[in-house]
Amino acid sequence: MNTTDRRNWLKTIALGGGFTLLGGLPSLAQQSYRPGERPSGPLAKLNSNENPYGPSEAVRAAMQQDFDLGCRYPFQYIKELVRMIAKKEEVSEDCIVITGGSTEGLKACGLVYGLGRGEIVAADPTFQALLRYAELFGAYVHRVPLNDKLEHDLQAMSRRVNSKTRLIFLCNPNNPSGTLLDPGELKDFCLSMESKAVVFSDEAYYDYISQPDYPSMVSLVKEGRNVIVSKTFSKVFGLAGLRIGYLVARPDIASRLQDSLMANTNTLAIQAAKAALKDAEFYKFSIAQNEKGKELIYKTLNELGLRYIPSHTNFVFFESGRHISELIPQMAEKGVQIGRPFPPLYNWARISTGTLEEVAVFTQGLKALYT
């Protein structure tokens with residue numbers, strides 16, 4: 001981010017009410033609420049890409065049953081979860097690293113590959129956790145603008161790779177644009193780059209991909225490639241508040257990342273994740289509700305003539321035609337929290353699907369502003 005963009009970003013934060021980025025997740029949490037409860041602030045919390053239907057009943061029952069384990073350290077309980085994930089991903093157990101949400105895994109990679117002034121190549125805008133953490137430790141991040149379709153520009157990214165590049169970051173599907181890389185181009189890119197740098201594939205939204213048989217880059221980990229994949233229980237499983245995710249990588253890479261973890265997850269999150277993996281009914285329900293929510297959002301945007309990107313995630317990115325610093329408070333007045341600024345796309349807004357009731361509040365509020 002250059003000096004001008006950074007100055008505009010800070011200005012946008014101030015105008016947008018301060019809760020968007022500088023306050024981070026803690027300030028967002030202060031405005032959260034339980035599904036079904038009417039908050040004193042905005043009614044529809046559609047700014048954090050959460051799955052408000054979770055945790056599922058099965059997961060809640062598992063946590064209640066194992067609540068007494070809250071006094072125990074997680075290490076003796078994590079092995080079974082590792083076995084379950086390794087079976088799911090069809091890799092050996094030494095390829096799995098359990099993390100506190102996918103964010104801890106992202107930051108561990110930012111630390112490992114950012115130290116010593118390592119260079120990282122990434123799209124812009126994209127999810128920033130790994131990139132900003134790496135910059136704290138002296139890394140230089142080459143931020144490559146998305147193309148005119150708001151997709152990763154893989155050719156431009158490859159041109160930024162040099163002898164100092166240690167990591168190439170791909171968020172696929174991308175946050176905030178919701179775009180999906182062509183599977184053939186993605187695989188070719190990973191194979192052509194892995195001899196030059198580690199390729200990191202953030203697959204937080206992988207479960208929402210509607211394209212049949214779309215490959216996870218775990219397939220390249222199985223081949224022993226120089227690839228890391230991150231996944232999370234925060235999205236489709238509805239466990240964002242419990243903080244649990246995982247990395248999949250070649251054993252030597254996984255071991256190095258395991259040693260770099262800072263917080264780890266907790267015992268109840270582990271038990272919840274185990275139950276979530278077994279709960280196929282809730283998984284299907286979450287996917288179905290998300291599709292319904294997106295269709296309602298698409299319908300409204302089409303009626304208003306607002307451009308949007310067909311999404312492979314649980315959010316929709318649309319061109320509002322208004323500066324985001326104006327739209328955030330305007331939507332808040334209509335009872336809706338929307339996504340934070342994503343410079344330099346200040347005239348675009350990200351809206352999470354939420355519950356169908358929350359989406360209805362959003363559609364009503366947006367129509368009131370644009371008609």
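This is a predicted model. After helix 6 comes G138, which has a positive phi near 95°.

A pair of rings is described by how far apart the centres are and by the angle between the planes. The structure has 13 aromatic pairs. In one of them, Y133 and F137 have ring centres 5.2 Å apart and planes at 55°; the angle falls between the limits of 30 and 60 degrees, so the pair is tilted. Y133 has a relative accessibility of 17% and therefore counts as buried, the limit being 20%. F137, at 32% relative accessibility, counts as partly exposed.

The rings of Y298 and Y308 are arranged in another way: their centres lie 4.7 Å apart and their planes meet at 15°, so this pair is stacked. Y298 belongs to helix 12 (residues 280-304) and Y308 to strand 9 (residues 308-309), and the two are ten residues apart. Both Y298 and Y308 are buried. Elsewhere, F233, F237, Y246 and Y283 are linked by ring pairs into a cluster.

Rings also take part in arrangements with charged side chains. K231 is placed over the face of Y206, 4.5 Å from the ring centre. R350 is placed over the face of F315, 5.7 Å from the ring centre. What is the setting of R350? R350 is part of strand 12 (residues 348-352), and its relative accessible area is 2%, so R350 is buried. Between R350 and F315 there are 35 residues of separation in sequence, while their C-alpha atoms are 6.6 Å apart in space.

The next topic is charge paired with charge. Side chains of opposite charge can pair when their charged atoms come close. Over the whole structure, 14 salt bridges are found. One of them joins the side chains of K274 and E80, with 3.3 Å from N to O.

E90 is in the loop between helix 4 and strand 2 (96-99), and K222 is in helix 9 (residues 218-222), so the pair ties together parts that are 132 residues apart in sequence. E90 has 59% relative accessibility and counts as exposed because that value is over 50%. K222 is partly exposed, its relative accessible area being 42%.

E194 and R225 make a salt bridge as well, with the closest N and O atoms 3.0 Å apart. This pair links distant parts of the chain, 31 residues apart: E194 is in the loop between helix 8 (183-193) and strand 6 (198-202), and R225 is in the loop between helix 9 and strand 7 (227-232). E194 has a relative accessible area of 15% and is buried, whereas R225, at 28% relative accessibility, counts as partly exposed. Apart from these pairs, salt bridges with shared partners join K88, E89, E203 and K231 into one network. K231 is also the residue over the face of Y206.

How many cavities of 30 Å³ or more does a search of the whole structure find? The search finds three. The largest cavity holds about 70 Å³ of space. Which residues line the largest cavity? Its lining is made up of E50, N51, P52, Y53, Y208, S286, Q289, N290, N314, T353 and G354.

Technical notes:
Residues numbered from 1 in each chain as written. Predicted model: local features only at pLDDT ≥ 70, side-chain atom pairs only at ≥ 80, totals over all residues. Heavy atoms only, no water. Phe/Tyr/Trp six-rings, centres within 6.5 Å; stacked < 30°, edge-to-face > 60°. Buried < 20%, exposed > 50% of the residue type's maximum accessible area, 1.4 Å probe, protein only. Helix = DSSP H or I, 4+ residues; strand = E, 2+ residues; numbered from the N terminus. Lys NZ or Arg CZ within 6 Å of the ring centre and 35° of its normal. Salt bridge = Lys/Arg side-chain N within 4 Å of Asp/Glu carboxyl O. 1 Å grid on protein atoms, 1.4 Å probe; cavity = no way out; pocket = protein on both sides within 12 Å on 5 of 7 lines; lining within 4 Å. Points joined across faces, edges and corners; volume = space filled by probe spheres on them.
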